[in-house]
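Hello,

Here is the structure for you to look over.

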Amino acid sequence: MPHAPTALDGLLDLLDLERIERDIFRGESRSALVPRVFGGQVAAQALVAAGRTVPDDRPAHSLHAYFLRPGDPGAPIVYTVDRIRDGRSFTTRRVVAVQHGQPIFHLSASFQTYEEGLDHQADMPAAPDPESLPTPAEMLPRHLPREVADRLIEARAAVDLRYAEVPPWGSVGEPREPRSQVWFRTNGKLADDPLLHVVLATYVSDMTLLDSVLLAHGRGGWAVGDVVGASLDHAMWFHRPFRADEWLLYDQESPTASGGRGLGQARIYTQDRRLAISVIQEGVVRVPRG
């Protein structure tokens, strides 16, 4: 008998774009925790579109993106891919996401054939064992009203995301060092497709990266309504192979916030201590006016 669809199945369906022309794709949207499309969804779908125009032997090694307008969760998104360059080692793609006739998101992604080269990395920081940390269902109701906790659990049901320490909305009014760690993996196994694992990591990378900005100021974020925020731009570099269905440590920090914007930067490590991904994001972080 076929198994009942899981939250991960639903997410994979969301990321499985319809090809409507050689370099034009269409993706569905779904409601997010805020009245706009979740930024990680748009970034992941755009990377899927880019990747489907690139040979399988050229995995993604970087992406740079700008969030231009809030996405409408009630409308599909059309992704147009521009084949910027196909070189002997590197392939470059540009993707524009459009809704209602206007661009909402822009992505540039680069892909590279595998080659040997110099190799070093920053050491993985100390972190608790992910299995020792509370699950979202155990942790979220401790710090949030039940209705808000349930919405967050449902929105992130495809991912097992565990905070190493109390998240921003659990320590409102208590400024802390602007650092945050979470472990994450998908709630279920994924196919052996390198692009799929990169896409899932891209999706998750937009969930918590600005938490460290909030921690520095004792703010809780959307869950408690003490800031208004949105992603502005996002960059990722994929250094080494990894699996998004195995534990990954997302070690995040914020070096600065000013001008209504906050910067988050992070490194993502595999459980066997390999540096897999580097991430930087700037977002709007504003205190609501009385």
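Arg273 sits in the loop between strand S11 (261–270) and strand S12 (275–286); helices (H or I, at least four residues) and strands (E, at least two) are DSSP runs, numbered from the N terminus. The phi of Arg273 is positive, near 80°, although the residue is not a glycine. Arg273 is partly exposed, at 46% relative accessibility (buried is under 20% relative accessible area, exposed over 50%, partly exposed in between; 1.4 Å probe, protein chains only).

This is a predicted model, in which local features need pLDDT of at least 70 and side-chain atom pairs count only at pLDDT 80 or more, while totals for chains, interfaces and linings use all residues. Residues are numbered from 1 along each chain as its sequence is written, and side-chain values use heavy atoms, with hydrogens and water left out.

His100, also not a glycine, has a positive phi of about 50°. His100 belongs to the loop between strand S5 (90–99) and strand S6 (102–112), and is exposed, with a relative accessible area of 62%.

Two or more lining residues come from each of strand S3 (60–67), helix H5 (194–208) and strand S9 (228–238). H5 gives the largest share of this lining, three residues.

Regards
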